[in-house]
Amino acid sequence: MSGTHADALISRQVRRLETLLEDRAVVVGAALDEMLDAFLSGATPLNGARVVARAWTDPAYKERLLADGTAAVAELGYAAGGVQPQRLRVVENTEDTHNVVVCTLCSCYPVRLLGPSPSWYKSEAYRSRVVREPLEVLREFGVELPSTVAVTVWDSSAETRYLVLPRRPAGTGALAEEELAGLVTRNGLIGTSVL
């Protein structure tokens with residue numbers, strides 16, 4: 001089943017479930033819309049970029065972030081999860097290691113820190129291929145890594161979400177935290193870009 005057909009099927013199933021819940025007065029459609037709007041209102045990749053910028057400028061924060069991502073992002077006012085709490089694990093790109101995130105079962109993703117997930121992240125092609133051939137998938141995103149760099153693929157789950165801490169670019173020592181945040185992209189936080 002292609003990604004488009006799978007998405008259409010899932011959309012129909014979700015709409016059917018919403019209809020059943022509304023028909024049985026378990027939930028009111030307007031209330032569900034309000035909850036979704038509230039959930040997504042503060043969800044943006046800029047949140048994750050601010051976390052990264054703080055880690056780049058504050059070594060003690062970076063240490064806390066790598067030790068306990070959930071607690072560290074809470075220090076900045078962000079939640080790792082949504083309706084149910086999830087553990088956030090932050091993995092650091094280094095000179096020797098590049099990290100990339102996937103959810104092979106569905107599309108588990110730290111929405112509050114990265115905004116709504118891109119369609120390619122939810123696609124069956126990405127979810128299956130990045131595990132089997134991460135270097136090829138990264139090349140398709142324009143990421144060319146030296147042969148000395150090991151690639152680690154992290155599989156998100158309902159309980160644990162991952163965020164990539166990209167390497168700070170050379171020559172950015174004079175930039176302020178907000179300027180640094182402007183360099184970080186959602187793809188960099190997933191690992192499909194170096195920034």
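This is a predicted model: local features need pLDDT of at least 70, side-chain atom pairs count only at pLDDT 80 or more; totals for chains, interfaces and linings use all residues.

User: Why is V26 called exposed?

Analyst: Exposed means over 50% relative accessible area, buried means under 20%, and partly exposed lies in between (1.4 Å probe, protein chains only). V26 has 59% relative accessibility, so V26 counts as exposed. V26 sits in the loop between α1 (3-23) and α2 (29-41). Helices (H or I, at least four residues) and strands (E, at least two) are DSSP runs, numbered from the N terminus.

User: What makes L17, L21 and V26 a patch?

Analyst: Nonpolar side chains (Val, Leu, Ile, Met, Phe, Trp, Tyr) are joined within 5 Å, like charges within 9 Å. L17, L21 and V26 form a nonpolar patch on the surface, with about 260 Å² of accessible area together. Such areas come from the Shrake-Rupley method with a 1.4 Å probe; for residues, only the protein chains shown count as cover.

User: Is N93 buried or exposed, and how do you know?

Analyst: N93 is at 5% relative accessibility, so N93 counts as buried. Its place is in the loop between β1 (87-92) and β2 (97-102).

User: What makes the pairing of the N93 and H98 side chains a polar contact?

Analyst: A polar contact is a pair of N or O atoms within 3.5 Å; within protein, one must be able to donate a hydrogen and the other to accept it, and residues adjacent in sequence count only if both atoms are side-chain atoms. The N93 and H98 side chains make such a contact at 3.4 Å.

User: Why is P134 called buried?

Analyst: The relative accessible area of P134 is 16%, so P134 is buried. P134 lies in helix α9 (residues 134-140). Leaving out residues up to four places away in sequence, P134 touches R129, V151 and V153. Contact here means heavy atoms within 4.5 Å.

User: How much of the chain is buried?

Analyst: Buried residues make up 36% of the 195 residues. The chain has 11 helices and 4 strands.

Terms used. Residues are numbered from 1 along each chain as its sequence is written. Side-chain values use heavy atoms; hydrogens and water are left out. Patches are made of residues with over 30% relative accessible area and no salt bridge: like charges are joined within 9 Å, nonpolar side chains (Val, Leu, Ile, Met, Phe, Trp, Tyr) within 5 Å. A salt bridge is a side-chain nitrogen of Lys or Arg within 4 Å of a carboxyl oxygen of Asp or Glu.
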